[in-house]
Amino acid sequence: MTTATRSDARWGAVRAGLSRGWLETKYSVRDPGDLVWNLAFPLIYAVVLLFMRGSTVPGTDFSLGASVLPGLVGMSIAFGGLTGPASTIAVDREDGTLLRAKATPDGMIGYLVGKIVMFALTTLVTLVVLVIPGATVAGDLRLDARTWLLLVLVFLMGMVATVPISVALGSLFKRASQTGLLFLGSMLLVVPSGIFYPITALPEWLQWVGQVFPYYWLGLGARSAMLPDEMAVSEIGGSWRTLEMFAVLGAWAVVGMVLAPIVLRRMARGASGSTVAAARERYVTKGY
């Protein structure tokens, strides 16, 4: 196969992935279970923000809700990219989706692109829900052209940095029920991420732990976009560290985009029509 032919095949896989992602998104938003899952957390965040109305950050006149909202935006991006895709891998393995992707040239690339598109769109829905209570603290937020451009870039980088990693991790689980471990791990990572309070208030070793994972950097990116410059005083080094944020998220994206197709192909290598049928039978009879 020539280089040009190979390139055309990959672009064809990407286009197929974009189309698949859009179709899966439409199915997801029509499914009651998926809809409840996608809206549950942003609605909880919305209630929390509404209860914060009138409260200020201790020692300042800055709205407490305004200081928390960017962290919730960053956490929503991270949760949407890290917890959702992994749970779909086992299902796609059992219904034959991965087997079909394996049989298609560059099918795994198309599959991965489809997941990024789907979870980017469904995560966008959760962010839109957050806009409603966010409007009540908009007066204290920095909302200009730079804000929206930076938020878009943080969102796109966040999806590319988290969805492939989630897909790779989901490939290691044999059953969909086991992906709850990833959700639990994600909840634990929120602790050193600086989402709800300044990371500088944590012990130094926890600060280093938090900076390894995307949660902290997505929260930092959202804060740098939405908060006034003087609020950076509570960040590490008293700076938003925008370049470092994009560098770390970019590193996660590269690792995920390289690792996920390899792990998917390895997992699909052992799949066949008989193993898919057996998995379906196990799901019907035992429920997992």
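Student: Which helix gives the largest share of the lining of the largest pocket?
Tutor: Helix α2 gives that share, with six residues, where a helix is a DSSP run of H or I with at least four residues, a strand is a run of E with at least two, and numbering starts from the N terminus. This is a predicted model, in which local features need pLDDT of at least 70 and side-chain atom pairs count only at pLDDT 80 or more, while totals for chains, interfaces and linings use all residues. Residues are numbered from 1 along each chain as its sequence is written, and side-chain values use heavy atoms, with hydrogens and water left out.

Student: What makes the space lined by Trp37, Asn38, Thr83, Gly84 and Phe119 a pocket?
Tutor: On a 1 Å grid over the protein atoms alone, a pocket is an open set of points with protein on both sides within 12 Å along at least five of seven lines, whereas a cavity is a set where a 1.4 Å probe fits but cannot get out. A lining residue has an atom within 4 Å of a point, and here 27 residues line the largest pocket, the five you name lying nearest its centre. The space in this pocket is about 580 Å³, taken as the volume filled by probe spheres set on grid points that are joined across faces, edges and corners. Helices α1, α2, α3, α4, α6 and α8 each supply at least two of its lining residues.

Student: Why is Gln211 called buried?
Tutor: Buried means under 20% relative accessible area, exposed means over 50%, and partly exposed lies in between, with a 1.4 Å probe and protein chains only; Gln211 has 14%, and therefore it counts as buried. Gln211 sits in helix α9 (residues 204-212) and, leaving aside neighbours within four places in sequence, is in contact (heavy atoms within 4.5 Å) with Tyr216, Trp217, Ile236, Arg241 and Val248.

Student: How do you know that Lys115 and Glu24 form a salt bridge?
Tutor: The term requires a side-chain nitrogen of Lys or Arg within 4 Å of a carboxyl oxygen of Asp or Glu, and the N to O distance for Lys115 and Glu24 is 3.6 Å, so the pair meets the rule. This pair links helix α6 with helix α1, 91 residues apart. Lys115 is buried at 2%, and Glu24 is buried at 14%.
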